[in-house]
Structures are given as C-alpha cells and as structure tokens.
Amino acid sequence: MAETFTEALVEQLRQNLGDTLHALAGEEVNWGEFVAQGLSQLLISVIYLTLFIGAYLLVMGAIRLVLGKQRAQKPLFSQVRTGARYLTGLGALLVILAQFGASPELLKAMARAGLMAFGFFVAWLVVSRLTRDGMTRYRMDPSIRQLVENLFSVVAGTLAVVTVLAQFGFDVLSIIAGLGIVGIAVGFAAQSTLSNFIAGITLLIERPFRIGDWVTINGQDGKVVKIALRTTWLRTRDNIFTMIPNDSVASSDIVNYSAEGATRLNIPVGIAYKESAKAAREVLMPLLHGHPEVLQAVGMEPRVVLKSLGDSSVNLEIKIWITPDNLDVQPRIMADILEQMKEALDAAGIEIPFPHLQLFIDDATGLKPIVEPLYPKLAAN
C-alpha cells in the first residue's frame with residue numbers, strides 16, 4: 001500500500017514538473033537528457049569553483065610569503081585579502097551563471113556592477129584612511145571623528161547602491177525622486193527618530209561631554225563610550241551598557257565629572273564630642289599624604305576640615321582630589337580610604353560614635369525608690 005502511494009506521488013510530481021518545463025521550453029522534455037545536462041553543468045561549475053579557490057589560495061600564499069609573517073598580520077593585508085575574496089567570488093559567480101545559460105547582457109551588467117562596487121569599496125578604504133589620519137593629526141575630538149566617519153559611510157553606501165542599480169537599467173533619477181517622497185512620508189512617521197538624529201548632531205557640535213567622560217544623565221551615572229546619531233551609550237561601573245535617546249539627553253541636566261580634569265571627593269567621618277578635631281586631623285593627614293591615588297599638587301592638597309556639629313558627633317570632612325583616569329575606580333578609592341581612616345582612628349584611641357540620646361528627667365520622684373539603692377549620689381541630687 002505504502003509503495004503504491006509513493007510511486008503515485010513520484011509519478012504525479014514528475015508529470016507536473018514535465019508540464020511546467022514543457023510550457024517554458026515549448027517542447028516535450030526528455031528526462032534523460034535533462035538530468036545529464038544538469039549534472040554536467042553542475043560538475044563543470046564545481047570544477048570552475050575549485051580552480052578559482054585554488055588560484056585565490058596560490059595568490060594569497062605568494063603575497064604572504066613575500067610580505068613575511070609579521071607584515072601579513074597588519075590591517076592592510078586583511079583588506080587586500082577581503083578584496084581578493086570578493087573578486088574571486090565575483091568571477092566564480094559569473095562563470096557559474098554562464099554555465100546555466102545566463103544571457104550575455106545580464107553577465108555584462110553583473111560584471112560592471114560588481115567591479116564598480118569593488119571600486120567604491122577601495123575608494124572608501126582610501127578616503128577613510130586619509131580622513132582618519134588627518135583628524136588624528138589635527139587632534140580632533142573622537143565624537144566629531146565618529147560623526148564624520150558615519151556620514152561618509154552613509155554617503156558612500158548610497159552612491160554605491162545607486163551606481164550598481166544603474167548598471168541593471170534602473171532609472172536613477174526616478175529612484176532618487178521616489179526616495180525623496182518616501183523620505184518625506186517617513187519623516188512624518190518617524191518624528192521621534194529624526195528628533196534624536198538632530199539632537200545627536202547638536203550634541204556632537206556643542207560637546208557637553210566627550211567619549212571617555214564620566215557623566216550623570218537623567219540620574220544615570222556612567223562613562224560615555226559612544227555618541228551615535230540616535231543614542232548615547234553609557235557604561236556603568238558594573239559594566240552595564242545604557243543607551244539613552246539623544247533627544248532625552250539634550251533636554252536633561254548633564255553633570256560632567258571629567259570636563260575640568262581632576263575631581264574632588266568629599267568623604268564624611270564623625271568623631272565623639274570628647275575628642276579633638278585637631279588630634280583627628282593629625283592622625284588622618286599622614287594617611288592621605290601617603291595614599292598613591294590622592295593628588296598632592298599645589299592647590300589640590302588633601303585636607304581635613306570640621307564640617308558641622310551633629311547631634312551625636314563632631315562631623316569632619318576629608319577633601320581629596322583624584323585624576324580623571326581614576327574616576328573608573330572612584331568607589332574603590334573611597335572605600336579604601338574609609339577603611340584606613342577607621343583603622344587609624346581606632347589605633348589612636350579616637351572614638352567614632354554611633355547616634356545616641358541622653359535623657360534628663362526633672363522632678364521624677366516616682367523613680368527615687370528604684371534609683372536610690374543603685375545610685376545614692378544621683379538620687380541625692
């Protein structure tokens with residue numbers, strides 16, 4: 001039963017495929033010739049593909065041998081290898097399509113389009129390298145460099161697509177006009193995206209922060225790792241990445257901890273009222289002077305000042321300066337200094353009090369029978 005059903009299914013598929021091929025070719029299909037021709041074309045295609053791959057391997061091996069192992073690891077060799085792979089793939093594709101009966105017009109159009117795309121790729125590499133070297137030479141801000149590279153990539157990609165389409169007979173002017181109309185419609189539909197895009201350009205021009213700065217945006221602390229055209233990327237000290245829309249960034253308060261160089265840290269510490277602030281300062285100052293990550297420059301010397309008189313303690317404040325590079329580890333520095341201060345004050349016998357309440361009761365005669373046996377002098381008063 002199963003064999004009869006399988007034979008009927010195969011026969012039906014063969015008949016349907018034969019009818020389709022007959023409608024396309026206009027003549028009866030000889031299955032033997034059809035299979036033999038397909039296998040021969042497939043075999044020839046595999047042979048051509050093997051030859052192209054072999055030629056690619058020989059050429060790259062010769063180049064690697066001439067350049068040496070050290071030079072072969074440079075980015076230029078990687079780009080040359082990418083170009084060679086592209087040309088190898090393009091040549092193999094054209095030959096295989098020719099084996100399967102592609103028209104000469106189609107093959108010529110594909111060859112022109114492929115070579116032009118390769119030309120745009122080479123031009124993009126050269127211009128990008130020159131632009132990057134020029135911006136590095138003139139020490140342009142990394143965010144501006146990123147904006148220029150992104151805009152250049154978009155422009156180059158658009159020109160390449162339009163040029164490639166033109167090789168296949170597309171009306172480029174009509175495509176551009178259509179894109180303009182579509183762009184207007186998309187603009188109305190994506191006002192938020194356009195707003196973020198414009199805000200991103202504004203941020204890159206005004207530069208309230210740069211890549212590498214530690215900032216607070218919308219209550220989120222982090223290091224700026226990327227300023228894209230639509231979002232700003234922050235990395236927190238927990239290595240968590242946050243993407244904030246540029247429209248929100250531009251309209252919020254921005255606190256930049258790195259803009260002016262060194263940053264001051266204020267670390268509170270309390271001592272008991274019976275202790276001397278001067279004595280505590282003499283204990284803490286050697287610790288601050290000896291810490292490797294505390295700046296000792298003129299005008300940035302560490303200090304210990306009396307901040308306020310609290311309910312249960314005399315509140316001191318340690319003022320130290322750290323470099324922008326140490327903002328990444330600011331919590332660790334503060335924790336380290338706090339631990340050393342605690343040990344130093346304990347070793348000097350200076351009390352760090354906890355909150356407590358002293359209670360005075362006037363005319364509490366009802367407690368006299370209880371207090372008098374325990375504290376005779378206190379009860380007499």
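Predicted model: local features only at pLDDT ≥ 70, side-chain atom pairs only at ≥ 80, totals over all residues.
1. I337 is found in helix 10, and, leaving aside its neighbours within four places in sequence, I337 is in contact with I267, L287, L288, H291, V294 and I320. The C-alpha atoms of I337 and I318 are separated by 9.7 Å, although these two residues are 19 residues apart along the chain.

2. The protein chain contains 12 helices and eight strands, and buried residues make up 26% of its 381 residues.

3. Which residues touch the most other members of the largest nonpolar core? Of the 25 residues in this core, they are L288, V304, L316, I318, I320, I337 and M341. Strand 6 (263-271), helix 9 (277-290), strand 8 (314-322) and helix 10 (330-347) each supply at least two residues of the core, and the largest share, six residues, comes from helix 9. Apart from this core lies another one, of 11 residues, and among them are F209, V215, L234 and V249.

4. I320 deserves a separate look. With its neighbours within four places in sequence left aside, I320 is in contact with T263, R264, L265, I267, L288, V294, P302 and I337.

5. Helix 3 and helix 4 pack at an angle of about 175°, with their axes 10 Å apart. Why are these two helices described as roughly antiparallel to each other? Angles over 145 degrees count as roughly antiparallel, and the angle here is about 175°, so helix 3 and helix 4 are therefore described in this way. On the side of helix 3 the contact is made by Q79, T82, G83, Y86, L87, L90, L93, L94, L97 and A98, while helix 4 contributes L107, M110, A111, G114, L115, A117, F118, F121 and L125.

6. A search of the whole structure finds one aromatic pair. Y86 and F118 form this pair, which is stacked, with 5.8 Å from centre to centre and 10° between the planes. The pair links distant parts of the chain, since Y86 lies in helix 3 (residues 75-99) and F118 in helix 4 (residues 104-137), 32 residues apart. Is Y86 buried or partly exposed? Y86 is partly exposed, because its relative accessible area is 33%.

7. The charged end of K226 sits over the ring of W233, 4.7 Å from its centre, and R237 lies over the face of W214, at 4.2 Å from the ring centre.

8. The last point concerns a loop. G261 is found in the loop between strand 5 (254-256) and strand 6, and G261 counts as partly exposed because its relative accessibility is 22%. G261 and D325 are 64 residues apart in sequence, yet they are 9.3 Å apart in space, from C-alpha to C-alpha.

Conventions: Residues numbered from 1 in each chain as written. Heavy atoms only, no water. Phe/Tyr/Trp six-rings, centres within 6.5 Å; stacked < 30°, edge-to-face > 60°. Helix = DSSP H or I, 4+ residues; strand = E, 2+ residues; numbered from the N terminus. Buried < 20%, exposed > 50% of the residue type's maximum accessible area, 1.4 Å probe, protein only. Lys NZ or Arg CZ within 6 Å of the ring centre and 35° of its normal. Core = buried A, V, L, I, M, F, W, Y, C linked by side-chain atoms within 4.5 Å. Contact = heavy atoms within 4.5 Å. Axes fitted to C-alpha atoms, helices over the stretch in contact; angles between N-to-C directions. Parallel < 35°, antiparallel > 145°, perpendicular 65-115°, else oblique.
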